Every structure is written in C-alpha cells, then in structure tokens.
There are 2 protein chains.
Amino acid sequence: MKKEFKLAVLPGDGIGPEIMAEAMKVLDAVEQKFQVRFERQFANVGGAAIDRDGKALPDATVEICQASDAILFGSVGGPKWDTLPAEERPERGALLPLRRIFGLFCNLRPAIVFPALTSASSLKEEVIAGGFDILVVRELTGGIYFAQPKGVEGEGGERRGFDTMAYTDAEVERITRVAFDAARKRGKKLVSIDKANVLSTSVLWREVVERVSADYPDVVLSHMYVDNAAMQLVKAPKQFDVLLCPNMFGDILSDEAAMLTGSLGMLPSASLAEGSFGMYEPAGGSAPDIAGKNIANPVAQILSAAMLLRYSCGLADAADAVEKAVENCLAAGLRTGDIYQDADGEQLVSTSAMGDAVVAELIKS
Amino acid sequence: MKKEFKLAVLPGDGIGPEIMAEAMKVLDAVEQKFQVRFERQFANVGGAAIDRDGKALPDATVEICQASDAILFGSVGGPKWDTLPAEERPERGALLPLRRIFGLFCNLRPAIVFPALTSASSLKEEVIAGGFDILVVRELTGGIYFAQPKGVEGEGGERRGFDTMAYTDAEVERITRVAFDAARKRGKKLVSIDKANVLSTSVLWREVVERVSADYPDVVLSHMYVDNAAMQLVKAPKQFDVLLCPNMFGDILSDEAAMLTGSLGMLPSASLAEGSFGMYEPAGGSAPDIAGKNIANPVAQILSAAMLLRYSCGLADAADAVEKAVENCLAAGLRTGDIYQDADGEQLVSTSAMGDAVVAELIKS
Ligand SMILES: [Mg+2]
Ligand SMILES: [Mg+2]
C-alpha cells in the first residue's frame, strides 16, 4: 500500500488559513499514528492570489495541483473582491477552472447531525434522535447547468429563454458507480433521485442506474422523485443513507439536507475526478467577518481532510479515526462559538483548541 | 356584484364524496350568510367515472365544467384502477386533460401551519411559533415538463437523454401578475425563485419579474436561488409570504413547504386559468383506506371551497369567513383522527362533525 502522498494545500481567504492550520495538525497526527507521509505544497488561491498574482487561480497553483494526489482547499472570497466582474472573483475564478482542469465530475456532500448536536437542527428532536448521516452524491459537470443549447432568442416582448437538460449513458454510469461504491462502504442503501414521470433525461438516468445496480447486489437500490425527496428529507431524514442525484437536483437537495443538520459550518465536501484525484473543502464560506480571531470552527476543514484520506489516499482507517476523534470532542462538550449553546456540559473553545483536542483524541485512540 | 355562480362539483373517489359533502354544507352556509347562490352540477370523475362511463374524464363531465364558473374537485384514484395504463388511470386520465382543456396555467399551493397545529410540524416549535402561511404560486403548463424537444437519441450504450427548459416573456408575465396580485392581497412580500446564475431561462424569468414589479410598488420583491430557497424554507419559513416559481422549482418547493406544515391533509390547492375560471382541490390524495368511515379530514376540501370563493367568485369576505371558521374550530380543539394527538383540550371528531362545526362557526361569525 502506498505510504507517501503529495498534497496541494490551498488555504485561501478569510478563515481559510486558520482552519487549514488545524487540518495540518491533524494530518501530522495521522502521519505519526498510521505510518504514512503527506508531502504538502502550499499554494495561493482566491483573493489572496488575486492580490499577489493578479488572478484567483495562478498558473503556479495549477502546476502544484497537477503534481499532487489531491487538493485540500480552504475557502475563498470576501468583500474586498466583490466589486470584480463575477468570473474574476475568487469563487468563480478559482473553483470553476479547478473543476474543469481536473475533471471533477462528482460532488460528495455529507449531511451529518452528530448525536451531540441534534439541538442545532431546526427539526424536532424526535425526528432526528441519535443524529443522521446522509451522503449526497451529485453529478457536477453535466445536466442542465452545462448542456447545450442554452440562451435567449427573439426580441422585445417576444423572447424565449431556453436551457437543455441532458445526460449520456457514460455520464450517468460513472457517477452511479461512485454512489454505489460509497453506499457499499456505508449503510448499503442507495436512493436515486429523478423525475422519470415527466423527464426523458430521467428515464435514461433510471435505466442506467438499474443496469449498474446488477454489479452491486449487496446495495439496496430505490428510486424517488425529486419533489418527494424534498418532502421525505424534512419528514424522516434518517431513512436515507446515500442519495444519487443529477446535477441540479443534487444542488437543491444537498443544500436542503445540509441545512437540516443546523450546522453548515461543520460539513465537508469532496469533488472527485475519475481515478483517485479529488479536491476537498468545507461546504461553508470564508466568513471574513470572523477571520483572524481564532474563533472559527475548524471541524469542516478537518472532516474535509478525512474525506481526502478516504477517497484519494485509500486510508479508510485513518479517515474513520479522524471522524471518530471529532465526534468524541463534540460528545465531550467542546464547542466553537458557532455551535455553542450555553448548555450544561458545553465548553466554549477556540479554533486552535478544537484542533488540539481532535489531535489528542486521535493520538490516544 | 355577481350573486349567482355555476359550480361543477366533481367528488371523485375514496374520501372524495364524504369530504365534498362537508364542503357543500359550508357553501350552503355561505349562500345564507352572504346572500349569494351557488348552482351546483355534480359530475363523475376518476375511478368512479371509469367504472360508469369507461373513462376518467367523460365528455358529459367536461361539458358541465365548461358551463360553469369553477370546478370544485374532490380526489381521484385507488388500488382498483392501479393496473390500468398510466395515462388511463384516474389521476392522469382526469387531471391532465382538465388542465389542458381549461388552460390552467397557474397552481396555487398554500402551506399553512395553523397556530393550533404547530406541534404537527417536524420543525421545532421555536422555528414556527405562531404558525406560518406561505403561498406557492407555481407555473403549471410551461417549463421543462412541457417544452420541446425532449427524448432519448442514439442506441446501445451511446444514448443521450434530453429535455428542454423554456419560458417566453408572455408565459412569465401572466404567472408573475397572478403572484403579485395575490401578494398585494396578503403580506405584500414576493420572493421569485430562479437559478439565474446558471440558467438562461432564469435570466429571462428574472428580467420579466422585475419589469412587472413596476406595476406593484406596494409589493416588496426579492429574488432567491432555488437551492437557497430549499434551505431557507427549513431554516426560517416565517420569512416567506408568496413564492413565485417556474414549474419544476414550484413542484419541488411546494411539496417541501407542504410537508413542513406536518398536516398535508389540511391543505387546499387551486389551478387557475386566465380570467376567473379555476379548479380547486385538496392537495392530498383520495385515501381509499379510510374512505366511507366518516373519519377523513374535510378541512382541505372546505379550504379549497374557500379558495374558489376568493379566486373564481371574487367573494373575499366569504373566503375569509370560511378560513376563520376553520381556524376557530382548530383553536377550539376539534380534531379528526389524522391530526388528533391526544393532547389536553383536543376532541376527536368525525368528518361530518368537523363540517358541522365549521358551519356553526361560520353562521355565528
Ligand atoms: Mg446548491
Ligand atoms: Mg410535486
């Protein structure tokens, strides 16, 4: 088994650098505990890169990423760069090219309510007792956001705006395999989302998913219409393990599921290419208002590093250990300001104290 | 002001006939209290029509509807007809042709949590304290469910499924006016839903909504991406008054909002044509398992009748009075089985007792 990995580390803007520092501590501890090595190359991205190199994704950064096994990404953006044209801003100027250059066709969005944090959800305790753990697998480079033709034709009050939703067999098959592989390693339940009663794209989608399912007899497959899924997430989120979604439906449902956890700042995400390359980043934003104060929650960045271990390094044991260390810290009552509720047994801690506590849990596990 | 209205009454299957009977009592009381007259023609629809006339929407029923000012629809479908081809079944065989024949381009889906029923929601009490009242205005005959071309091209493993999302200026403008008119009579807040950062259809949609808004300076307009709306509904549903949605986004968000109320069986809906013609029906199903037992909840059917009074008859006072009578009955603790929680002050009542109570409240108001 491979023991050395090259990582591109892109801290970015806002709270990015300080939460990335905690993820680095955790990777140091993983090196020590699991006898592996992460050779890390730091690179500029986002607003920091605009200020220094004139664009959000400098060529040097791309080269470092190309020489790596995976990218650990912080977060980008802030009011300083909001007046730039949209395509030059940190968010679009960095993330869209990275997706394109590296062929990141698959977005993994876990929506996890840790048992210790059920009170943060806007759902009633009885609906989420014990927490839930949903993985949304979203197709990221096809579907209605990218297919052609799209545009506005006609003039005056006689215009017609149009977009094309489309998927090919090959596009559906590769995302479906990622979802089945993930389900096989988790709760072995896959719900594929479509609208096959009205969309031809969904008819094809459902057929391919059914066909691929023959290779995964150990995973229970079902199909659900997207509108029903939007309801079922609210009514009974614990019924779900893995949700497989076309691009737009995944965009909507992953956000709904994330919000149902009540702690968006806790959630990691992964964008995967074919093979093992991937980019890992917190689902939340750069939170410039609290940057540099050592109060941000580093958990999303640490859990992003755990996803990197799992999906790009094949280190499932190390990923499990990091996730368990985070869960133990939360169960012990440690809380950064965003999740502190002043309840019995809670202790308000800083960014670095939370990172240190995760490292301590990991080492002693 | 018009004093006489012709109504086509289509009770349908399952619980349809018995909840329709309660709505009829309420219309009788409205006649008495507001000096109006509803000339009612009953007609077969759904499974009942299949059994008697061989199809879900007999010509005689269409003729009765065409001679009416509005349709009050019960509910259709049941296991007896589930083996028929999809397009002949009660649901598609009746509802789709009715939409087409009468040009029902606008779907109104209220999502209301009555203050007395906040405990039915899966959301925490503090999120929905005092209840909420959202009206989803969904475009019903355009967008990606209907635009052409759509299909599957290619063969073997090289196929491509595709659908077209499209809207014209005229289509957006007429649904936008319905939404602004409704908002003007309610909380004067309109949120238009789109995905204008990636969809050309949404760019056109947003431009038209902005243009129409000039005619409604008293209504506060804002725009929200569909994925953010899916989150905001969960996080803070009370922020919303009227949501204006393209067809598919409305399909998803209206179901999510309805489920957030926790009492789907309480919700009415309306499908409107240009002018004042409309069809009104409960948002829930025909519930064949409890049909004929006098235990079904008639509130959705009664509130559908209230929407008919409001939108097709222009009888806003009568509509308000019916809605207030329902609210009073719930506040007094009356509960059919579906919403009975055995809490202090609750009284379990039958279908007909609930209808009688609404009538009594209405008469004394
Ligand atoms: Mg989204
Ligand atoms: Mg729907």
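How many bridges join strand β5 (residues 132-139) of chain B to strand β10 (residues 242-245) of chain B, and do the two run parallel or antiparallel? Four bridges link β5(B) and β10(B), and the strands run parallel.

Before going on, a word on conventions. This is a predicted model, in which local features need pLDDT of at least 70 and side-chain atom pairs count only at pLDDT 80 or more, while totals for chains, interfaces and linings use all residues. Residues are numbered from 1 along each chain as its sequence is written, chains are lettered from A and ligands numbered from 1 in the order in which they are written, and side-chain values use heavy atoms, with hydrogens and water left out. Helices (H or I, at least four residues) and strands (E, at least two) are DSSP runs, numbered from the N terminus.

**The sheet within chain B**

The pair β5(B) and β10(B) belongs to an open sheet of ten strands in chain B, with the order β2-β1-β3-β12-β11-β4-β5-β10-β8-β9 and mixed pairing. Two strands count as paired if DSSP finds at least two bridges between them. At the edges are β2 (37-42) and β9 (220-225) of chain B, each pairing on one side only. From one strand to the next, the twist averages 25°; axes here are lines fitted to C-alpha atoms, for helices over the stretch in contact, and angles run from 0 to 180 degrees between N-to-C directions.

Helices lie across this sheet too. Helix α1 (residues 16-34) of chain B lies across β1 (4-12), β2, β3 (70-75) and β12 (278-282) of chain B, contact meaning heavy atoms within 4.5 Å. Helix α7 of chain B lies across β5, β8 (189-194), β9 and β10 of chain B.

Now to the place where the chains meet. An open sheet of four strands has the order β6(A)-β7(A)-β7(B)-β6(B), with antiparallel pairing. Its edge strands are β6 (151-153) of chain A and β6 of chain B, each pairing on one side only. Neighbouring strands of this sheet are turned by 30° against each other on average, direction ignored.

Strand β7 (residues 160-168) of chain A and β7(B) are joined by nine bridges and run antiparallel. Along this pairing, A:Phe162 has B:Ala166 as its bridge partner, and A:Asp163 stands opposite B:Met165.

| Helix | Reference strand | Angle |
|---|---|---|
| α1(B) | β2(B) | about 160° |
| α7(B) | β9(B) | about 170° |

**The interface as a whole**

In total, 53 residues of chain B are in contact with 53 residues of chain A. The size of an interface is often given as the accessible area lost when the parts come together. Between chain B and chain A, the buried area (accessible area, 1.4 Å probe, that two parts lose on being put together, summed over both) is about 4,400 Å², with carbon and sulfur atoms giving 59%.

Across this interface there are 26 residue pairs in polar contact, both residues at pLDDT 80 or more. A polar contact is a pair of N or O atoms within 3.5 Å; within protein, one must be able to donate a hydrogen and the other to accept it, and residues adjacent in sequence count only if both atoms are side-chain atoms. On chain B, β6 (151-153), β7 (160-168), α7 (200-213), α8 (226-235) and α9 (247-261) each supply at least two residues of the side that touches chain A. Strand β7(B) gives the most, with nine residues.

**Salt bridges**

The interface of chain B and chain A holds six salt bridges, where a side-chain nitrogen of Lys or Arg is within 4 Å of a carboxyl oxygen of Asp or Glu. The side chains of B:Glu207 and A:Arg159 meet in a salt bridge at 2.6 Å, N to O.

The whole structure has 57 salt bridges over all chains. Among them is A:Asp51 with A:Lys80, also at 2.6 Å, N to O. A:Asp51 lies in helix α2 (residues 47-53) of chain A and A:Lys80 in the loop between β3 (70-75) and α4 (90-102) of chain A, so this pair ties together parts that are 29 residues apart in sequence.
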